[in-house]
Amino acid sequence: MGATHSDILKKIQQKEPNYPQSNLTKYLGFLTTADYGGLIVKRISNYSFKSPIYLTYAQLIFKEDTKVVNFSTLLQELLKLNLKNDII
């Protein structure tokens, strides 16, 4: 399960054609580290969510009728969510 870096980038660029590959690499890197909760894991060449709850959250906010519509915002929201969980 999961998606390759290339697959994720293609999906992002469907909505944001000028989204740079370097941003994706940077944010995926952040989300795989313990400092950012390890929300995403990399297995061989695929990235996937560490916990099904994060997948569900991402699917929810990407629904067409929500205000959150871009991957950068998703990453920022996941980082905020994880920081709130660390405080509780």
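The structure is a predicted model, in which local features require pLDDT of at least 70 and side-chain atom pairs count only at pLDDT 80 or more, while totals for chains, interfaces and linings use all residues. Residues are numbered from 1 along each chain as its sequence is written, and side-chain values use heavy atoms, with hydrogens and water left out.

The protein has 4 helices and 3 strands, where helices (H or I, at least four residues) and strands (E, at least two) are DSSP runs numbered from the N terminus. Along the sequence these elements follow the pattern β-α-α-β-β-α-α. Of the 88 residues of the protein, 30% count as buried; the term denotes a relative accessible area under 20%, with exposed denoting over 50% and partly exposed the range in between (1.4 Å probe, protein chains only). Contacts are defined by heavy atoms within 4.5 Å. Among contacts between residues at least 6 apart in sequence, 41% join residues at least 24 apart.

Helix H1 spans residues 5–15, and its buried residues are His5, Ile8, Leu9 and Ile12. Viewed down the axis of H1, these buried residues fall within an arc of 100°, so they line one face of the helix; the arc is that of the directions from the helix axis to the C-beta atoms. The face of H1 turned away from the buried side carries the exposed residues Lys10, Lys11 and Gln14. In general, an α-helix has 3.6 residues a turn, so residues three or four places apart point the same way. In H2, the buried residues are Leu24, Tyr27, Leu28 and Leu31. Seen down the axis of H2, they fall within an arc of 100° and so line one face of that helix. In H3, Tyr54, Ala58 and Ile61 are buried. The buried residues of H3 fall within an arc of 75° when seen down its axis, so they line one face of the helix. Pro52 and Ile53 are exposed on the other side of H3. Leu55 also lies in H3, which covers residues 52–61, and counts as partly exposed at 38% relative accessibility. The C-alpha atoms of Leu55 and Ile40 are 9.8 Å apart in space, with the two residues 15 apart in sequence.

Two packed helices are described by the angle between their axes and the distance between the axes. H1 and H2 (residues 21–31) pack at an angle of about 120°, with their axes 10 Å apart. Here the axes are lines fitted to C-alpha atoms, for helices over the stretch in contact, and angles run from 0 to 180 degrees between N-to-C directions. H1 and H2 are therefore oblique to each other, a class that remains once angles under 35 degrees are taken as roughly parallel, over 145 as roughly antiparallel and 65 to 115 as roughly perpendicular. His5, Ile8, Leu9 and Ile12 in H1 meet Gln21, Leu24, Thr25 and Leu28 in H2. The residues of this contact divide into 5 nonpolar, 3 polar and no charged, with Ala, Val, Leu, Ile, Met, Phe, Trp, Tyr, Cys and Pro counted as nonpolar, Asp, Glu, Lys and Arg as charged, and the others, Gly among them, as polar.

His5 of H1 is buried, with a relative accessible area of 18%. Leaving aside neighbours within four places in sequence, His5 is in contact with Gln21, Leu24, Thr25, Leu28, Ser45 and Tyr47. Leu39 is found in the loop between H2 and E2 and is buried, with a relative accessible area of 0%. Between Leu39 and Leu28, 11 residues apart in sequence, the C-alpha to C-alpha distance is 9.3 Å.

Ile44 is placed in the loop between strand E2 (40–43) and strand E3 (46–49). Ile44 is exposed, with a relative accessible area of 86%. Phi of Ile44 is near 55°, a positive value in a residue other than glycine. Most residues other than glycine have a negative phi. Asn46 lies in strand E3 and is partly exposed, with a relative accessible area of 23%. Not counting residues up to four places away in sequence, Asn46 touches Met1, Gly2, Ala3, Thr4 and Val41. The C-alpha atoms of Asn46 and Ala3 are separated by 4.8 Å, although the residues are 43 apart along the chain.
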